[in-house]
2 protein chains.
Amino acid sequence: MNKEMILAKQKQAVEILNEKDIDMWLTFVRETGNIQDPMMDMIVGTGATWHSAFIITRSGDTTAVIGSLEEANMKSVGTFQNIVPYLKGIKEDLLKVLDKYQPNKIAVNYSRNSSLADGLTHGCYLELMEILKDTPYKDRLVSSEDIVSALRGRKNQIEVDQIKSAIVETLKIFDEVTGFLAVGKSEKDVAEFVRNIVKERGFEFAWDEEHCPAVFTGPDTAGAHSGPTDRKIEPGHVINMDFGIKYNGYCSDLQRTWYVLKEGETEAPETVIKGFNVIRDSIQLAAKELKPGKLGWEIDNVARNYITENGYDEYPHGLGHQVGRVAHDGGALLGPRWERYGNIPYIPVEVGNVFTIEPRLTIDGYGIATIEEIVWVTEDGCEFMSTPQTEIYLVK
Amino acid sequence: MNKEMILAKQKQAVEILNEKDIDMWLTFVRETGNIQDPMMDMIVGTGATWHSAFIITRSGDTTAVIGSLEEANMKSVGTFQNIVPYLKGIKEDLLKVLDKYQPNKIAVNYSRNSSLADGLTHGCYLELMEILKDTPYKDRLVSSEDIVSALRGRKNQIEVDQIKSAIVETLKIFDEVTGFLAVGKSEKDVAEFVRNIVKERGFEFAWDEEHCPAVFTGPDTAGAHSGPTDRKIEPGHVINMDFGIKYNGYCSDLQRTWYVLKEGETEAPETVIKGFNVIRDSIQLAAKELKPGKLGWEIDNVARNYITENGYDEYPHGLGHQVGRVAHDGGALLGPRWERYGNIPYIPVEVGNVFTIEPRLTIDGYGIATIEEIVWVTEDGCEFMSTPQTEIYLVK
């Protein structure tokens, strides 16, 4: 919990409320130990057991309506100006706060498009509607999607620095992996090597440990989003690893590709080099187009077309997502206009957004080439936060 | 991820579906790395990135409709019989599965009463309704509250054994704390001592680390649900600690009370002993009444009345909750009939339920006396799983 960071993001939220013409942002939760609204750690900094309302108004006021047993904790956390403790039920106190501000538009955390703006469970939604049913506020709820998207997407300098630190530490580990890879070691061996480093250095995993890192060696691997297997590294394999850490609350998410030399080889076969280079170049081409105001699908299209024009299948996922406090941070996504991505490929890119760029292609008979870099959107383009991989790494 | 345990709980879920006359249980999720339905680790055993449906039918079939990139992972996890991967959108494949079974009642995870049965976010609910809108299934959704409550509440022998192991390890740590406590040490010192042990031994915390353990020394402390402070232990303080670990996927949650002797004292003052003993005895009285068929509020009432009859204020919370894969597990709660607890104090106690019993009272001028034990409901009563604290521990 970094109090200064939370207060800075609350202040930014107030600016966004004014920009989007929304009077109040209401984060309504309970039992966050069981299921946690993803916005809690960015704007509250602690959990809640009983029904609780964390309220930010466009006037800049912050009010927490919470169970009385959590009053002392909330005070010591110190992120909300007004703390309203209740003993038996939240309704009366919550309505008093609403009546004080009489908001015309109240954003709450539900969204079909963004899981990060969708922390309000359906049961809590029904509970909230029950509380509001005899008031005018019941018809004034709107999705907080735009607020969450802007607040998470527009990284401030401290956030960018934190992500940068996570990237630097992650790339060090990739270098160590290059030294560790050898014929006969399994995907699981490699994953264990990486996980031990993460634990020794006191980092967290950017996503669930069973798939972090994900390691794939050779042709016919399990493919993305799968855990490492007992499959062993062999000469002629293309290896790739998808890995990220969480460090001081912010994540990295990177991929690198290696080739395992066969006896007598001093470099990768031409077909492997070609595949790798197509991926590498598609990233640069996409990054050149990435700037504020562009739509995510336009950027995805650049890399996707370049890859298919070079005779490879298109990758079965989006080109890149935002990273932040979680590995898959959002709003805007550099993704294709597919049903499963909803409206998020249509959200304009903004200054301060931090994106991965991670195309992939299959090199028949060898394995999967994939590189994942991280870039930061500036006023008129983007900057690489990771030092790009320019050549396929060789394993002797 | 323990595959055998998941298959055992799925089997139990099928029995419960038949008992409750529900045709299908549909767990509908996405981006579980950002917000995770609390049922996922009990009945699925892995996460999901894209919209995914995990379906259990009363006939005993299990089907996972998932994004194609996660097919290999789902196969390797091996907890679902049928795996239906989709590329661009879930709708078509999900409707095919529904049409195959034509369920009349479909339980989904929303609940006003139980956070553990409320993993469906409101945005995902809207998405699901959009998918179902032109089908008869849209009017066939019911809350999975009863299923979740029974499935989590009715512990099988393996689960009881796991909780027992967590309790044994936790009580060892409490013993070590007794040796560590001394005048001049702060609440934070004690918490750090405990956290280091937890990490050394490879346990997880049963709840968020900032409040696990919670340590309170002396009068006028921050009270429950607050993190440890710089407040120092002094002679004449009553100290209590609330602490639990997660060990092999199951939690403990226990509290113990100490008294810090003043110079010349060889035992605690009478008023302290009286307060402690009232708590101790209230637990035994409540446990005597605890058996299948009782309602939670009836058990809460026993301890609450005994404490107020002895001249103390009633505790501002429920007497006890269930423990399991999370520290606050449920269904049924041994809680008072207060608005904030909804219907859960009215759910009948069942065989196999594992409850904490944790009353508290304030000993004026000394601190808070609180003991938390864990009991397991049997055919005709309950058994203590923790060895009860019978006398206040003394710190010299």
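The centres of domain 1 and domain 2 of chain A, taken over C-alpha atoms, are separated by 35 Å. The domain assignment places domain 1 of chain A at 3–152 and domain 2 of chain A at 154–395; such bounds come from an automatic or database domain assignment. The model is predicted: local features need pLDDT of at least 70, side-chain atom pairs count only at pLDDT 80 or more, and totals for chains, interfaces and linings use all residues. Residues are numbered from 1 along each chain as its sequence is written, while chains are lettered from A and ligands numbered from 1 in the order in which they are written.

Between the two domains of chain A, 14 residues of domain 1 are in contact with 14 residues of domain 2, two residues being in contact if their C-beta atoms, placed from the backbone, lie within 7 Å. On the side of domain 1 of chain A that touches domain 2 of chain A, the elements giving two or more residues are α1 (3–20), α2 (40–43) and α6 (145–153) of chain A. Helices (H or I, at least four residues) and strands (E, at least two) are DSSP runs, numbered from the N terminus. Of these elements, α6(A) gives the most, with four residues. This side of domain 1 of chain A consists of seven nonpolar, four polar and three charged residues. Here Ala, Val, Leu, Ile, Met, Phe, Trp, Tyr, Cys and Pro count as nonpolar, Asp, Glu, Lys and Arg as charged, and the others, Gly among them, as polar.

Within chain A, three strands form an open sheet in the order β7-β10-β11, with antiparallel pairing. Strands β7 (204–205) and β11 (250–251) of chain A stand at the edges, each with a single partner strand, so one side of each is left without a neighbour in the sheet. Two strands pair if DSSP finds at least two bridges between them; β7(A) and β10 (residues 245–247) of chain A are joined in the antiparallel sense by two bridges. In that pairing, A:Glu204 has A:Lys246 of β10(A) as its bridge partner. Helix α7 (residues 157–180) of chain A packs on the sheet, where it touches β10 and β11 of chain A, and its direction makes about 135 degrees with that of β10(A). Axes are lines fitted to C-alpha atoms, for helices over the stretch in contact, and angles run from 0 to 180 degrees between N-to-C directions.

Four strands of chain B form an open sheet in the order β8-β9-β12-β20, and the pairing is mixed. Its edge strands are β8 (214–217) and β20 (393–395) of chain B, each of which pairs on one side only. On average, neighbouring strands of this sheet are turned by 25 degrees against each other, direction ignored. Strand β8(B) runs antiparallel to β9 (residues 238–243) of chain B, to which four bridges join it, and B:Val215 stands opposite B:Met241 in β9(B). Helix α8 (residues 187–200) of chain B packs on this sheet and touches β8 and β9 of chain B; its direction makes about 150 degrees with that of β8(B).

The two chains may now be considered together. A rotation of 180 degrees with 0.0 Å of shift along its axis superposes chain A on chain B (RMSD 0.0 Å), which is the relation of a two-fold axis. The superposition is by least squares on the C-alpha atoms of residues with pLDDT of at least 70 in both copies. Across the interface, 54 residues of chain A are in contact with 54 residues of chain B.
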